[in-house]
Structures are given as structure tokens and as C-alpha cells.
Amino acid sequence: MTAVIEISGLCKTFHSLFREEKTALDGFDMYVEKGQVHGFLGPNGSGKTTTLRTLLGLLRPDEGEMRILDTPSARFGDVAHRVGAIVESPAFFTPFSGRKTLQLLATAGGLPRGRVDEALTTVGLRDRADEPVKVYSLGMRQRLAVASALLKQPELLILDEPANGLDPSGIHAMRTLMSDLAAQGVTVLLSSHLLSEIEQVCDSVTIIDRGRRVAHGPVSVVLAGHDTGEHLVRVADTEQAAQLLRAAGATVRTADGALFVAGVSGPAAISEALGRAGLWLTELTPLTPDLESVFLDLTGTRPVPDAPPQVAVPTRRRPPTDNFIDLDVRSEEQA
Amino acid sequence: MNLVRAEVSRLLSRRFTHVMVIGLLAVFGITAATTLASSARPGGEAWASAERTAAERRASLIEFKANCEAAFRQDREAAEDAFTGGCDAAGDPADVQAWHYLEDAFVFEQEIRGLTVFLAVYLSFFAFVIAASFIGAEMSSGGITNLLLWRPQRSSILGAKLAALTGCVALFSTLFTVLYVGVFYLIAYTSGWTGDVDAAFWVELAGLSGRGIALSAAAAACAFALATLARHTAAALGIAVGYFLVWEAGARIVFEIGGMLPYDPYFLSSYLSAFVTGDLKYWSGLDGSGDLVITRLSGGMVLAGLTAALIAAAFANFRRRDLT
């Protein structure tokens with residue numbers, strides 16, 4: 001597959017006279033293939049927006065290489081007409097109407113005026129286009145931002161938190177839009193906190209934590225990499241059931257009146273072992289991980305009872321380590 | 001070119017621009033109406049009174065010159081002390097015209113220079129505020145980031161904004177100056193007196209107006225640069241207000257109290273004044289032995305140098321800045 005975005009060893013530290021320096025990116029890597037809808041996940045302050053801003057030339061990297069549409073990012077201007085992007089909260093001059101905002105961009109980009117109406121219709125703002133942006137809700141501003149990214153009919157669409165502030169129908173519309181764009185061959189890089197959305201829409205994913213990539217690859221592979229093969233088992237006599245399953249070679253732990261069974265070939269083996277002893281199952285559920293649980297584990301943000309999770313403090317650059325989880329199968333396939 | 005077109009459209013669509021233009025027109029309208037109301041076409045009586053005053057003035061000048069020449073013949077040293085400007089310092093009696101003494105009439109030839117200098121100052125203030133707001137709002141709202149995602153060419157973006165701004169300010173200042181001078185000429189023509197407005201007068205007035213327009217365009221460029229460097233409209237306005245309060249007003253008082261004369265060369269306003277109104281003689285020595293002058297040329301060079309330095313700093317900073 002052709003790479004649309006390639007980032008390797010990206011480092012960015014923010015310096016300030018009056019504050020401690022903050023390392024936002026610490027050797028970050030990312031690879032997005034053509035035609036993918038690629039999810040970009042990370043906790044608050046993990047470096048997602050810094051990555052996108054650096055990729056789009058708004059920030060100057062300290063180290064690292066970046067290529068976008070097969071062009072070094074230093075020459076992003078050569079391919080900017082093929083890239084639509086929104087970064088972080090959409091910022092508009094609020095006294096202007098939505099239509100005026102897009103018309104100015106279209107004029108600056110030498111695009112026909114007709115594109116403005118098409119983009120407004122696509123994001124559902126056609127009937128509110130002549131109202132000043134200051135009366136728009138957050139969700140409407142988000143739609144306008146997406147419209148501005150779509151004006152160019154881009155080959156690559158980079159969206160930072162596009163669902164921010166959208167109502168359920170807006171989120172649904174956004175998801176449909178992503179799918180439609182992907183079907184048309186547009187590559188989409190989607191940064192979001194809505195893990196269920198990412199799981200539904202994205203083909204592949206990169207997870208970033210404290211400026212480093214901690215997982216990447218196709219969504220199914222990332223999830224499979226965290227599948228412990230455990231099954232939730234509920235049965236009347238848990239003690240006898242545990243003994244039987246351990247005798248059959250399984251690993252069993254007990255919690256909340258249920259058994260968590262691992263090390264078996266599948267649910268049928270559990271059912272058979274217990275059924276032969278006359279113990280009848282009331283529940284047997286394979287515990288497959290979802291993206292949220294993987295994300296919480298990888299980023300260390302899983303809530304702890306009575307301890308509200310805190311946003312991580314950016315740190316100085318850490319020495320390189322090998323202890324991140326690489327679930328990418330692309331390199332093996334390519335090799 | 002598309003960028004410049006977009007920026008011109010952005011500038012002309014801003015409500016702040018509309019409000020400032022309406023404010024400018026309102027102030028002009030009030031000034032013109034007041035002038036019109038207080039001016040009357042001179043009748044026979046007014047002319048007779050003016051002729052009498054002019055004749056008295058001519059006689060006074062002739063007498064002054066005669067006394068002066070007599071004093072020089074008697075005691076040259078004492079006369080040099082008494083008549084430091086010479087015997088022609090008070091003016092030539094032949095230049096005294098009756099219309100100089102028309103009391104209730106607006107006399108265009110006499111008034112328009114001062115009014116044009118006032119216009120230059122007012123247009124410069126107007127341009128400064130418009131320019132600071134134009135780029136400051138873009139910087140603080142993040143609008144410029146959106147534009148850079150479209151055209152990731154920072155110098156081109158900033159250059160297009162500057163070109164659109166200074167071009168519009170210069171064009172508006174020119175049109176407004178023509179309107180301003182034209183209305184006052186019309187008032188003088190219909191309800192006052194135009195005076196001797198020959199070709200030389202118009203050339204001089206055109207020069208003065210041109211320098212006023214140049215000052216307003218330079219004010220816009222400086223405000224643009226300051227707001228770009230400081231990233232906010234308010235910061236640019238604060239720098240300007242701070243400069244005038246702390247240095248132009250505060251330091252001037254300190255220099256005055258401390259007897260540190262002459263201090264005029266340390267103030268930007270001296271150079272701006274020299275550029276617009278002509279050479280500024282600011283010191284003749286405690287014994288009047290020699291004139292120190294800020295020339296129009298040096299005033300213009302200081303203005304151009306300051307503008308160029310601020311613009312260069314703004315572009316250099318914007319090219320390298322992280323846009324967070």
C-alpha cells in the first residue's frame with residue numbers, strides 16, 4: 001500500500017522563559033496508508049494536536065521526518081491543495097456568516113463559488129449559512145470547520161476531534177460522511193476521544209501517550225493483541241466448577257460470584273467440562289476487548305475507585321526505551 | 001492575487017471597518033456643517049471693514065520698516081538686538097490682502113492647510129486602529145491558522161494582508177482627502193471666500209495631502225506590524241498609547257523640568273510633524289546664535305525607517321513562530 005502520511009522520530013519541545021519546558025512529542029512515529037480511515041487516539045495532552053499541527057506546518061519540529069502525500073512536510077505547500085484539515089477547536093471570525101467564511105477561503109484558494117454551497121449542504125448547514133458564526137452552536141461551528149476542509153475536495157482529510165460538540169444525529173452524519181469519503185477513495189486521519197466511533201469507522205489506529213506511539217495497526221489486530229482469551233462463566237456451584245476447570249488445565253479466577261476462565265481452547269471446552277459433571281451454565285461469555293479497554297490499559301488512564309484520573313503533566317524528554325507494544329503487522333507484511 | 005482579493009473582501013466586510021468609516025464620515029459631516037453654519041458670504045460692509053483693517057496693517061508694516069531702518073542707521077549694534085529678525089521680518093505690505101481680514105467668512109486659502117494637517121492626523125489614527133484590529137483579530141481568533149492550512153505560505157499570507165490593508169487605506173485616504181478638500185472649497189465658494197488659489201497653491205496643497213496619505217498608510221503598516229508581533233489588537237493599541245503617554249508626554253515633562261534642552265530630536269512626533277508640515281526649527285541656541293532644524297527629508301526617512309524596521313521584524317517573527 002502507498003503511504004499517505006509517514007512520520008518517524010518526531011520530537012517537539014515547547015520552551016518558555018517563565019515555565020518549565022514541555023516535551024509534547026518524544027520520538028513519535030505514524031504511518032497512514034492510502035484509502036484508510038485511520039484513527040488517532042490519545043489522552044488529553046498526549047501530543048495528538050501537536051502532531052497534526054507539526055505535520056501541517058503550523059509548528060516547527062525539533063527532530064524527525066515527516067512526509068505527506070509522498071512529499072516532505074517542509075514542502076507541504078506543494079500538496080496543500082490536496083489536503084483538507086481542521087485542527088483542534090475551529091477558529092473563525094465570528095461576525096462573518098458561515099457562507100462568507102467559506103467564500104473567503106474559496107477566493108484565497110482560487111476555487112469556484114459553487115463549491116461553497118456544495119460543502120455547506122454536505123455538512124448540513126445550507127439553511128443556516130447566512131447567519132453569523134457567533135450565533136452558531138459548537139456543533140455547527142464544527143460542521144463549518146469540516147465544510148472548510150471539504151471545500152478543496154481533498155485526497156487526504158485530517159480531522160481533529162470533528163465530533164466535538166455534535167449531537168447524536170450530527171455524530172451519525174459525521175460517521176456516514178467518513179464512510180462515504182472513504183468509499184470515494186479519500187484517506188481520512190481522524191483524531192477523536194470517541195473510542196466507539198473510532199472502532200466503528202476506522203480501519204486502523206495509532207495510539208499515542210506522552211508523545212510516543214504505544215500501539216498501532218489495524219483495529220482488529222490491536223484488539224486481538226489484547227485478547228486474553230478469558231471467558232466469563234456463571235454457574236450455581238462456582239467452587240466445584242473452578243476445581244473441574246483447573247483439573248482440565250484452565251486458569252481460573254473468581255470475582256463477583258463469577259468465574260474468569262482462561263487457557264482453554266474455546267467456550268465449548270468449558271461447556272463440555274462442566275456439563276459432563278452435571279453443572280449447568282447460566283452464562284458463558286467470551287471476554288473480547290474493545291478499543292476503550294485497550295486504550296485505558298495502554299495509556300494508564302483506567303479509572304481507579306476513589307481516585308479521579310488526572311491529566312498527565314508533560315515531562316522532559318525520556319530516554320528511548322523498547323517497552324512499547326508494537327502490534328503493527330504492516331512491516332512484517334511489507335518485509 | 002486571489003489572496004489579496006480575499007483579504008480586501010475580508011477587510012471591507014468587517015463591521016469594525018464599517019463603524020470606523022461611519023465615525024469618520026460623521027466627524028467630517030459635523031465639522032463641515034459647523035464651518036458652513038459659521039461662515040457667511042462677505043457683503044459690501046464686510047469687504048469695507050476688511051479693506052480698512054488691511055490698510056491699517058499695511059501702514060503698520062511700512063512704519064515698522066521705516067523705524068527699523070532708522071534704528072540701524074543710528075546704532076547698528078543696538079538695532080540688531082532690538083530687531084533680531086531684520087527689517088523685513090514682519091512681512092511685505094504688498095502681500096497684505098483685504099480677504100485676510102474677512103471676519104465671518106470661511107477663507108479656503110487660509111484655513112485649508114491647517115484642516116489638511118488635522119485630517120492627516122485623524123486619518124492616521126483611523127488607519128492605525130483599523131489595521132491593528134484587522135490583523136490582531138485574525139491572530140487571536142486563530143483565523144490565520146485556518147488560512148495557513150489552505151495556503152501554507154506564511155510570507156505570502158502576511159504580505160497579502162499587508163498589501164490589501166495599506167492599499168485600501170491609501171485609496172480610502174486619497175478619496176476621503178479629495179472629498180474633504182472639495183467640500184471645504186465648495187463651502188468657501190458658496191458661503192465664504194476662496195482666496196488666491198493659483199496653481200502653485202494647489203501643488204503645495206497636493207503635496208501636503210500626499211504626505212498626509214503617506215502618513216496614514218505608514219500608520220496602518222506600523223499597527224499591522226505591532227499587532228502581528230504582539231498577536232492581539234489590544235496589545236498594538238496599548239503599545240501606541242503607552243508610547244505617547246510615557247515618552248511623548250511623560251519624558252517631555254521630565255526633559256522640560258530638568259532643563260535638558262533641546263529635546264525635540266528624541267521624540268517621534270517631531271519627525272512626523274516635520275515630514276507633514278515642513279522643516280521643524282526646534283532650537284536657536286540660548287543666545288539665538290544658530291538654528292537646529294529637523295528637515296522634511298529627515299522626518300520622512302525616520303518614518304520610512306521605523307515602518308520598514310517594524311514590518312521586517314513582524315515578517316521575520318511570523319515566519320518562524322509556532323502557531324499553537
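## A buried leucine, a domain interface and salt bridges

L259(A) is buried, with a relative accessible area of 0%, in what is a predicted model. The residue belongs to strand β13 of chain A, which spans residues 258-262. Its contacts, leaving aside neighbours within four places in sequence, include H231(A), L232(A), V233(A) and V235(A), and also L245(A), V252(A) and R253(A). E230(A), 29 residues away from L259(A) in sequence, lies 9.6 Å from it, C-alpha to C-alpha.

Turning to chain B, the assignment divides the chain into domain 1, made up of 2-41 + 105-320, and domain 2, which covers 42-104. The C-alpha centres of these two domains of chain B are 38 Å apart, and 13 residues of domain 1 are in contact with 8 residues of domain 2. Between them, domain 1 and domain 2 of chain B bury about 800 Å², with 58% of this area on carbon and sulfur atoms. The count of salt bridges between the two domains of chain B is 0, whereas 2 residue pairs are found in polar contact across their interface, both at pLDDT 80 or more. On the side of domain 1 of chain B that touches domain 2, at least two residues each come from β1 (106-107), α5 (108-141) and β2 (192-193), and the residues of that side divide into 5 nonpolar, 5 polar and 3 charged.

Over all chains, the count comes to 23 salt bridges.

| Salt bridge | N to O distance |
|---|---|
| K161(B) and E7(B) | 2.9 Å |
| K65(B) and D88(B) | 3.1 Å |
| R113(B) and E109(B) | 3.7 Å |

In the salt bridge of K161(B) with E7(B), K161(B) lies in helix α7 (residues 154-191) and E7(B) in helix α1 (residues 2-13) of chain B, so the pair ties together parts that are 154 residues apart in sequence.

The salt bridge between K65(B) and D88(B) joins helix α3 (residues 44-74) to the loop between α4 (76-82) and β1 of chain B, the two residues being 23 apart. K65(B) is partly exposed, at a relative accessible area of 32%, while D88(B) is exposed, at 53%.

R113(B) and E109(B), by contrast, both lie in helix α5 of chain B, 4 residues apart, or about one turn of the helix. R113(B) is partly exposed, with a relative accessible area of 28%, and E109(B) is buried, with 14%.

Definitions and conventions. Residues numbered from 1 in each chain as written. Chains lettered and ligands numbered in written order. Predicted model: local features only at pLDDT ≥ 70, side-chain atom pairs only at ≥ 80, totals over all residues. Heavy atoms only, no water. Buried < 20%, exposed > 50% of the residue type's maximum accessible area, 1.4 Å probe, protein only. Contact = heavy atoms within 4.5 Å. Domains from an automatic or database assignment. Buried area = accessible area lost by both parts, 1.4 Å probe. Salt bridge = Lys/Arg side-chain N within 4 Å of Asp/Glu carboxyl O. Polar contact = N/O pair within 3.5 Å; in protein donor to acceptor, adjacent residues only side chain to side chain. Nonpolar A, V, L, I, M, F, W, Y, C, P; charged D, E, K, R; others polar.
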